[in-house]
Amino acid sequence: MALHFLSLAQASLLHLGRRARARWASWLRVLLLAAQIIVLALASSSYRSGRQRQTILRHIYLATAPLLTWFLVLSALISLVLIRIVVATAVSYGLSQYALEVVVRTLVLELIPLYAAMFVAVRYSMPNAHGIRERLAGLEDGGIRRSEQELLQAVLLPCALAAAFSVLLLAALSCVVALVLSYLTVYGLSPWGLSAYTHSVGKVFSAPVTLIFSLKTLFFSLAVAIVPMAATAQRDSDGRYSRGSDITELARLFSVVLLVEVVSLLGNYY
Amino acid sequence: MNESPPPTTVRPADQSPQVVKNLELKAALLLLLMMALVLASGAYVLYARGFFERTQQLVLLADDSEGVLVGMDMTFAGFPIGRVARIELADDGNARILIDVKSRDARWLRSSSVFTMERGLVGGTRIRAFSGVLNDPPLENGAVRQILRGDALAELPRLAASVSELLENLTALTAADAALLASLANLQTVTEKLKGPQGALGVLLGNEAEARKLVERTSALLARADVLTGRLDSLVANADRQVFGQAARPHGVAEQGGLVSETRTTVKQLNGLLAEVRGSLQKVDAVLVDAQAIAGNTRAATTDLGALRSDVEATLRKVEHLVNEVNRKWPFARETEIRLP
């Protein structure tokens with residue numbers, strides 16, 4: 001009996017160890033792929049070939065332009081609702097002088113980069129990664145295998161660059177829309193509030209806050225660009241490109257985004 | 001992925017490329033938009049932070065810089081005119097708050113300006129400038145001033161102590177053996193008595209017997225008052241009859257006299273008497289006219305008497321002079337002159 005119990009415990013421990021090692025290896029691969037993509041993105045050789053440049057430009061366009069309209073509409077609606085809630089609450093408590101600061105901090109600094117990243121991940125990055133994986137599986141079924149370098153440079157880099165660019169552009173545009181809506185909500189169409197408004201915005205964007213905001217948005221874009229691609233480039237235990245779980249990939253991406261958000265919050269407010 | 005790859009042709013990612021017209025132009029526009037957004041945002045933030053604005057420095061000294069943050073505003077009349085650039089600890093243990101004041105707003109700061117640091121119950125610390133005399137010389141660049149502190153939070157312990165005392169008093173007031181509770185019980189008893197058959201009288205006199213006695217006495221008093229009122233009516237009727245003479249006699253015969261009619265007769269008689277007096281006075285006036293004439297004659301006679309008197313006096317002086325002459329010339333006259341040797 002005791003021997004059986006020991007063997008069961010040993011088996012479960014082995015299973016847990018294997019899972020932990022696999023997870024650790026998986027995260028290591030993500031980090032390694034991120035480093036490789038960043039190196040490739042910074043290398044001029046990646047853009048020498050005209051065909052490669054065309055591919056990157058096409059991906060950038062396809063990752064950004066179709067999402068732009070609806071994302072801006074959605075972002076404007078969400079921003080308007082949040083701005084109205086914050087301003088009305090602040091006014092009702094006699095704290096209207098803090099309303100703009102709260103709006104800029106919550107909306108522009110925290111929420112917009114987060115939902116821009118998640119929007120691009122759900123609408124472009126993850127579906128695209130699945131498509132690439134399916135095509136890779138099809139190619140392998142046809143007996144065509146690609147080298148890692150080739151896969152990185154010709155397939156993953158354009159998608160990663162496009163996703164990162166899309167996150168950055170959508171976040172930037174959405175921030176501008178939110179700032180304009182904040183002004184219009186608080187001051188209306190009068191131009192006389194511009195000075196006070198600029199002062200309030202400038203008060204929020206101190207040097208550390210601006211730096212943290214920029215880094216956070218950059219890391220969000222990198223996470224959205226790389227984490228789904230890492231799963232794409234990763235073979236199964238039997239060496240094939242079979243379809244993985246969407247939820248697992250989303251959870252992995254979300255955990256990275258959440259980690260970046262928590263670190264940025266710590267940097268901003270502690 | 002580390003397995004040796006078989007020979008393949010290098011193909012880009014998407015094997016089923018969608019045809020995008022003017023791809024390069026559109027992608028370049030997106031890249032340009034991105035660049036413009038980043039540059040414009042950076043420039044706007046720098047402008048909002050006052051990077052392009054000329055400033056002058058002001059140093060405020062405080063014994064405690066708690067609540068002061070880099071980047072917070074210094075206001076004048078509610079307008080932000082400066083911003084905390086740095087906070088440092090001086091050699092004497094005081095906090096030095098270095099403030100960048102916009103050059104175009106520095107005119108509001110004068111050499112006599114006062115600076116305060118306030119901590120409210122809501123919101124952060126506020127630094128404010130007050131300039132009472134705007135004709136004073138402007139505050140020089142790098143000026144060092146002491147800051148005055150006002151802390152609303154410092155009042156909180158005293159406020160808490162007062163509230164605690166108030167609560168204790170309230171607890172004592174509302175305790176089971178408190179005077180307030182006893183008073184309320186008594187008030188309840190009183191209201192119950194008020195609702196009883198004797199009402200407020202029962203409350204005032206204490207018991208039912210006294211209240212009944214008071215009611216009986218009051219009834220007797222009212223009866224006597226009724227009788228008295230009848231007598232007063234009779235008295236008024238008599239007075240009416242005496243004064244006006246119009247009242248009917250008990251047998252229905254109207255009385256013709258009365259004080260008023262007699263008075264009227266008397267007034268008529270007085271009028272006649274006054275007419276006679278007026279005639280007598282006219283006669284007296286004539287007599288007085290005569291007397292006035294007599295007095296005028298007397299005044300003239302008195303004037304003549306004065307002249308007569310002066311004549312007599314002159315005659316007497318002459319007689320006296322004559323007597324003196326006779327005495328001087330007479331042989332036995334005395335020598336009146338004294339001759340000196």
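Q: Which residues have the most contacts inside the largest nonpolar core?
A: The model is predicted, with local features needing pLDDT of at least 70, side-chain atom pairs counting only at pLDDT 80 or more, and totals for chains, interfaces and linings using all residues. Residues are numbered from 1 along each chain as its sequence is written, while chains are lettered from A and ligands numbered from 1 in the order in which they are written. A nonpolar core is a set of buried Ala, Val, Leu, Ile, Met, Phe, Trp, Tyr and Cys residues joined through C-beta atoms within 7 Å, and buried means 20 or more other C-beta atoms within 10 Å of the residue's own, the C-beta atoms being placed from the backbone. The largest such core has 77 residues, and those with the most contacts inside it are Ala160(A), Ala163(A), Val167(A), Ala223(A) and Ile226(A).

Q: Which helix gives the most to this core?
A: Helices are DSSP runs of H or I with at least four residues, and strands are runs of E with at least two, numbered from the N terminus. Elements that each supply at least two residues include α1 (2-42) and α4 (148-187) of chain A, together with α1 (23-48) of chain B. The most, 24 residues, comes from α4(A).

Q: With which residues is Ala160(A) in contact, leaving aside its neighbours within four places in sequence?
A: Contact requires C-beta atoms, placed from the backbone, within 7 Å. With those neighbours left aside, the contacts of Ala160(A) are Ile37(A), Ala225(A), Ile226(A) and Met229(A).

Q: At what angle do α1(A) and α6(A) pack?
A: Axes are lines fitted to C-alpha atoms, for helices over the stretch in contact, and angles run from 0 to 180 degrees between N-to-C directions. Residues making the contact include Ile37(A) of α1(A) and Ile226(A) and Met229(A) of α6(A). The two axes are 9 Å apart, and the angle is about 115 degrees.

Q: Are α3(A) and α6(A) roughly parallel or roughly antiparallel?
A: Their axes come within 8 Å and cross at roughly 20 degrees. Angles under 35 degrees count as roughly parallel and those over 145 as roughly antiparallel. The pair α3(A) and α6(A) is therefore roughly parallel.

Note on methods
Buried ≥ 20, exposed ≤ 12 C-beta atoms within 10 Å, placed from the backbone. Contact = placed C-beta atoms within 7 Å. Parallel < 35°, antiparallel > 145°, perpendicular 65-115°, else oblique.
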